[in-house]
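Thanks for making time this morning. I would like to walk through one chain with you, starting from the overall picture and then moving to a few individual residues.

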Amino acid sequence: MSVSYISISTSGSRPQPGEITLAHQGVLFLDELPEFDRKVLEVLREPLESGHIVIARARDKVRFPARFQLVAAMNPCPCGYLGDASNRCRCTPEQIQRYRAKLSGPLLDRIDLHLTVARESTALEVSAQDGESTAEAAAKVARARELQLQRQGVANAFLDLPGLRRHCALSETDRHWLENACERLGLSLRAAHRVLKVARTLADLAEQRQISREHLAEALQYRPGMG
């Protein structure tokens, strides 16, 4: 896939909206993320931060809206079996490193939740699982979002720096704890701010006014160390 397919359409002399603008106010799903050209992936950095994409040509400079939720999937290694109980993975550490290095640190910084999902069981009859139903989880998310809109007028993801300081305030002890944790994990300041927003969301899901150490610790679990 070329950059034009994900950011713009090259038909005609003037840039036209591409996939990230078509996904505005929706979800952009990219499967097999490391298989995309690195230049394509780096295009995502600007809209993930600003919510728009600027395309500059010789005589034109066009700004398109691109406020989307990025959802991406990737294998743990080139063959896809790293960590599998079958022990079928034969990838070398160098191959795994090259595969994962296709994703830059600045791009990973902008992805708030990193989850490892185990291979699905091949059992044809799956027993019922404990936990919330989809409807219950959706209702909880809706309540948390409404709480955010009432408190600050925007969702937590869109808080600017003054809003972050006002609505994601921590006790002095927890602030030092988070700073030390981010330092140990090698997280950037941008990543630390995103950890705060995730922690604020976890507190909202629990309908708690204050961000606790428990919320901070859980938010950090979704953030891989960059050091």
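**Overall picture**

The chain holds eleven helices and six strands, where helices (H or I, at least four residues) and strands (E, at least two) are DSSP runs numbered from the N terminus. Please keep in mind that this is a predicted model, in which local features need pLDDT of at least 70 and side-chain atom pairs count only at pLDDT 80 or more, while totals for chains, interfaces and linings use all residues. Residues are numbered from 1 along each chain as its sequence is written, and side-chain values use heavy atoms, with hydrogens and water left out.

Along its principal axes the C-alpha trace spans about 55 × 50 × 40 Å. Of the 227 residues in the chain, 33% are buried; here buried means under 20% relative accessible area, exposed means over 50%, and partly exposed lies in between, with a 1.4 Å probe and protein chains only. The accessible surface comes to about 14,600 Å², and carbon and sulfur atoms account for 51% of that area, as computed by the Shrake-Rupley method with a 1.4 Å probe, where for residues only the protein chains shown count as cover.

If we take the contacts in the chain with a separation of 6 or more, 63% of them are between residues 24 or more positions apart, a contact being heavy atoms within 4.5 Å.

**Strands**

Let me turn to the strands. Strand β4, residues 52-56, and strand β5, residues 61-65, run antiparallel and are joined by five bridges; two strands are said to pair if DSSP finds at least two bridges between them. A hairpin of four residues connects β4 to β5, and across this pair Ala-56 stands opposite Lys-61, while Ile-55 stands opposite Val-62.

In the parallel sense, β3 pairs over four bridges with strand β6, residues 69-72, and the bridge partner of Leu-28 in β6 is Leu-70.

**Two positive phi values**

Either side of β3 there are two loop residues worth a careful look. Gln-25 lies in the loop between α2 (19-22) and β3, and its phi is near 65°, a positive value in a residue other than glycine. Glu-32 lies in the loop between β3 and α3, and its phi, near 50°, is likewise positive in a residue other than glycine. Most residues other than glycine have a negative phi. As for accessibility, Gln-25 counts as exposed at 63%, whereas Glu-32, at 32%, counts as partly exposed.

**Two histidines**

I will finish with two histidines in helices. His-167 sits in helix α8, residues 161-167, and is buried at 13% relative accessibility; leaving out residues up to four places away in sequence, His-167 touches Arg-151, Gln-152, Leu-159 and Arg-200.

His-215 belongs to helix α11, residues 213-221. Is His-215 buried or exposed? His-215 is buried, with a relative accessible area of 5%, and, apart from neighbours within four places in sequence, His-215 contacts Ala-199, Leu-202, Ala-203, Ala-206, Gln-208 and Gln-210.
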